[in-house]
Amino acid sequence: MAVSRTRKKKKNRNRTTPVWEGRSVYAMGDGAAAAGGPSATNVAAGHRAAEADRVWFDRHPGASVRVRQALPGEYDHRPFGPDPLAPNEKIAVVVVQAAPGRRTRIPYQVVTTPTAAAAISPQQLEEIQAEWESSDQTAPMTNQSGQVIDALGLMRALQTQS
């Protein structure tokens with residue numbers, strides 16, 4: 001017997017949606033922030049970044065990789081160590097699109113800029129993209145169970161199945 005759409009919506013209403021922050025997957029729900037998960041500010045910045053990436057990939061249909069500076073509040077220093085970043089240090093994010101609508105954002109590298117107000121230069125972004133494309137291009141992330149998974153490998157496997 002098929003489940004009606006209304007029953008399905010009600011059933012899924014209480015399901016928590018995983019949120020990818022840095023190299024960890026957190027489930028949003030009661031107590032997620034208290035358990036070390038992202039704050040509401042991080043989630044809002046993540047949604048803004050995802051929308052900006054969607055627009056960028058719509059404008060560049062042949063591209064599969066984008067390197068950009070992290071938006072304010074999108075990531076903090078945790079993927080790069082316990083010490084906070086200096087004011088002139090910025091996070092370079094690699095956005096990989098495995099298929100249209102299937103993207104992952106990876107906080108890839110800390111870049112030092114001349115001043116705190118300066119953004120990462122286009123030349124630095126090109127160098128980071130060249131470095132990324134010459135690397136093994138994996139994205140190890142830790143899920144809630146503590147298992148390390150390769151997010152890009154998983155996305156590529158899903159692409160071949162569909």
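Let's start with Tyr 108, which touches Phe 80, Ala 92, Val 93, Val 94, Ile 128, Glu 131, Trp 132 and Ser 135, leaving aside residues up to four places away in sequence; touching here means contact, with heavy atoms within 4.5 Å. This is a predicted model, where local features need pLDDT of at least 70, side-chain atom pairs count only at pLDDT 80 or more, and totals for chains, interfaces and linings use all residues. Residues are numbered from 1 along each chain as its sequence is written, and side-chain values use heavy atoms, leaving out hydrogens and water.

**Cores**
- Tyr 108 is one of 12 residues in the largest nonpolar core, which also includes Val 65, Ile 106 and Leu 125.
- β3 (65-69), β4 (89-99), β5 (102-112) and α3 (122-134) each give this core at least two residues.
- Another core, of six residues, lies apart from it and includes Phe 57 and Tyr 75.
- A nonpolar core is a set of buried Ala, Val, Leu, Ile, Met, Phe, Trp, Tyr and Cys residues joined through side-chain atoms within 4.5 Å, and buried means under 20% relative accessible area (1.4 Å probe, protein chains only).

**Sheet**
- Three strands make an open, antiparallel sheet in the order β3-β4-β5; strands are DSSP runs of E, at least two residues, and helices are runs of H or I, at least four, numbered from the N terminus.
- β3 and β5 are the edge strands, each pairing on one side only; strands pair if DSSP finds at least two bridges between them.
- Five bridges join β3 to β4, and Arg 68 has Val 93 in β4 as its bridge partner.

**Helices**
- Helix α2 (residues 40-59) packs on the sheet and touches β3, β4 and β5, with its direction at about 135 degrees to that of β3.
- α3 also packs there, touching β3, β4 and β5, at about 120 degrees to the direction of β5.
- These angles run from 0 to 180 degrees between N-to-C directions, with axes as lines fitted to C-alpha atoms, for helices over the stretch in contact.

Definitions and conventions
Buried < 20%, exposed > 50% of the residue type's maximum accessible area, 1.4 Å probe, protein only.
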